[in-house]
Amino acid sequence: MGGYHAANFLFRFPHAFGGCIALSAVYALSEFINDYMDDLVYYNSPLLFLPNLEDPYYLDELKRKVIVLAVGQGAWEEPMLTQTRQMAEILRQKNIPAWIDIWGPDVHHDWPWWHKQLPYFLEKLLPTPSTS
Amino acid sequence: MQVTHHTWYSPHLSKDMGLNHYGQQGQPVLAFPAQEGNHRNFEDFGMIAALRPLIESGAIQLFTVDSVDGESWTAKDLHPVNAACAMRPMYAISWTRSYPLFATTRTSPSGLQG
């Protein structure tokens with residue numbers, strides 16, 4: 001759930017972070033608690049609260065962030081793949097810039113791919129000289 | 001690579017919480033573990049090794065924290081309302097304990113900072 005927490009923290013507290021890199025993340029909690037819903041669940045589900053977010057403070061903050069949502073299309077990547085695509089559409093509608101990166105069918109929900117992805121995104125995003 | 005371990009007792013969770021700080025300079029990055037993982041998760045599963053060049057060159061410094069997923073969202077024996085409530089201290093703790101460490105390391109504005 002690391003990607004979920006990274007994204008949830010950014011979307012809830014955008015003033016505190018420069019951005020987020022969410023790898024193979026869910027953006028709602030239905031996988032864990034099915035259809036249970038209350039205000040805590042709602043406000044910890046970017047997939048649910050972002051479409052209704054109209055507060056200009058939050059929207060302006062989020063538009064200045066570096067947002068990377070990445071996911072593979074290989075084994076064990078559902079429902080993360082579906083939810084990443086849903087987030088892409090929500091962010092597009094909200095005019096919040098984001099780098100949505102859908103990796104290939106060989107990219108599984110597992111550490112070897114995250115080992116490739118995290119340095120890849122950091123090196124692309126950091127202004128400091130690449131070390132590779 | 002410099003690794004600094006922090007630990008504190010959380011009265012909210014009635015247990016020790018841990019945090020590892022890898023590196024000394026560069027863009028601070030707060031990292032959350034995979035499901036039900038802890039602050040050693042990135043190291044145990046090879047992510048620190050994958051990030052070693054970026055950490056050792058001073059491009060980034062990484063803060064890894066504990067999750068309480070297993071006591072909240074993914075707890076099989078909890079009613080969802082209790083799971084939701086159990087999650088709150090984690091965010092409060094991540095915020096009040098990890099963030100000051102994270103924030104004090106902020107350097108000049110860069111691509112990942114607001």
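Analyst: The secondary structure of chain A comes to 7 helices and 3 strands, where helices (H or I, at least four residues) and strands (E, at least two) are DSSP runs numbered from the N terminus. This is a predicted model, in which local features need pLDDT of at least 70 and side-chain atom pairs count only at pLDDT 80 or more, while totals for chains, interfaces and linings use all residues. Residues are numbered from 1 along each chain as its sequence is written, and chains are lettered from A and ligands numbered from 1 in the order in which they are written.

The order of elements along chain A is α-β-α-α-α-α-β-α-β-α. Its radius of gyration is 15 Å, close to the 14 Å that the globule rule gives for 132 residues, so chain A is as compact as a globular protein of that length; the radius is taken over C-alpha atoms, and the rule is 2.2 Å times the number of residues to the power 0.38. Along the principal axes, the C-alpha atoms of chain A fill a box of roughly 45 × 35 × 20 Å. Of the 132 residues in chain A, 42% are buried. A residue counts as buried if 20 or more other C-beta atoms lie within 10 Å of its own, as exposed if 12 or fewer do, and as partly exposed in between, with C-beta atoms placed from the backbone. Among the contacts of chain A with a separation of 6 or more, 66% are between residues 24 or more positions apart; a contact requires that the C-beta atoms of two residues, placed from the backbone, lie within 7 Å.

In the loop between strand 2 and helix 6 of chain A is Pro79(A), joined to Glu78(A) by a cis peptide bond with omega of about 10°. In the loop between helix 6 and strand 3 of chain A lies Asn95(A), a residue other than glycine with a positive phi near 60°. Asn95(A) is exposed, with 9 other C-beta atoms within 10 Å. A further positive phi, near 50°, belongs to Ser24(A), again a residue other than glycine. Ser24(A) is in the loop between strand 1 and helix 2 (30–33) of chain A and, with 26 C-beta neighbours inside 10 Å, counts as buried.

Ala25(A) is, with Ala7(A), Cys20(A) and Ala22(A), one of the residues with the most contacts inside the largest nonpolar core, which has 57 residues. Such a core is a set of buried Ala, Val, Leu, Ile, Met, Phe, Trp, Tyr and Cys residues joined through C-beta atoms within 7 Å. Strand 2 of chain A gives the most to this core, with 6 residues.

Helix 1 of chain A (residues 2–12) is another part of the setting: 9 of its 11 residues are buried, so helix 1 is largely enclosed by the rest of the structure. Its buried residues, including Gly3(A), Tyr4(A) and Ala7(A), pack against strand 1 (19–23), helix 4 and helix 5 (56–63) of chain A together with strand 3 of chain B.

Chain B has 3 helices and 4 strands. The contact takes 32 residues from chain B and 32 residues from chain A. On the side of chain B that touches chain A, helix 3 of chain B gives the most, with 6 residues.
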